Amino acid sequence: MKKYFVYLNLIFIFLSFSIKAQVPDWEKGIVWYQIFPERFANGDSTNDPAPEKVFTRLMDGQVDTDSIPKGWKITKWTSNWFEQSEWEKKSGGNFRDHLYERRYGGDVQGIIDHLDYLKELCIGAIYLNPVFDAASLHKYDGSTYHHIDINFGPDPAGDESLMNS
């Protein structure tokens, strides 16, 4: 066992000296800004997610209409994060119980609309959280990795048609 541990350490030391991180010239000194697109900015309200997408059961892809709260709608950007909307109050619980059901309608147009703001902050590069089409809020469980989420682009119906073809 000791011998195995020594070999493992030697391999680690060898790799540490032989692998040198190469940072591209364009990246040196860059300030990165990570964006969670759905929560960043709603630039196009015509592509806001419908409750049927938000409340899709992920296992079988069927919509559980009984789970859609009455009055559910997109949360306003100017709202207080800790304040519950009317549909959240009617559903009961505290504000944390509904965070995964809240949608702000953020999209690619919202990011484009705020590029000047990011430039003012001296942001030089943007890192986006997953943008793949998915029913979940976080998009790490994309239903397809060939298309961005239909609610992030300018033509949800066209995007959905393209994905189904």
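Residues are numbered from 1 along each chain as its sequence is written, and side-chain values use heavy atoms, with hydrogens and water left out. Because the model is predicted, local features need pLDDT of at least 70 and side-chain atom pairs count only at pLDDT 80 or more, while totals for chains, interfaces and linings use all residues.

Let's start with the rings. The structure holds seven aromatic pairs; rings of Phe, Tyr and Trp (its six-membered ring) pair if their centres lie within 6.5 Å, and planes under 30 degrees apart count as stacked, over 60 as edge-to-face and the rest as tilted. One of these is the tilted pair of tryptophan 77 and tyrosine 104, at 5.5 Å centre to centre with 50° between the planes. Tryptophan 77 lies in the loop between α3 (51–54) and α4 (86–91) and tyrosine 104 in the loop between α4 and α5 (108–113), so this pair ties together parts that are 27 residues apart in sequence. Helices here are DSSP runs (H or I, at least four residues), numbered from the N terminus.

Tyrosine 104 also pairs with tryptophan 81: their ring centres are 6.3 Å apart and their planes at 15°, so this pair is stacked. Tryptophan 81 lies in the loop between α3 and α4, so its pairing with tyrosine 104 ties together parts 23 residues apart in sequence.

Now look at histidine 98, in the loop between α4 and α5. Histidine 98 is buried, with a relative accessible area of 6%, and a polar atom of its side chain lies 2.7 Å from the backbone oxygen of glycine 92.

Finally, the largest nonpolar core has six residues: Ile35, Phe40, Ala41, Ile111, Leu118 and Ile123. Such a core is a set of buried Ala, Val, Leu, Ile, Met, Phe, Trp, Tyr and Cys residues joined through side-chain atoms within 4.5 Å. A second, separate core of five residues includes Val54, Phe55, Ile68 and Trp72.

Notes
Helices (H or I, at least four residues) and strands (E, at least two) are DSSP runs, numbered from the N terminus. Buried means under 20% relative accessible area, exposed over 50%, partly exposed in between (1.4 Å probe, protein chains only). A polar contact is a pair of N or O atoms within 3.5 Å; within protein, one must be able to donate a hydrogen and the other to accept it, and residues adjacent in sequence count only if both atoms are side-chain atoms.
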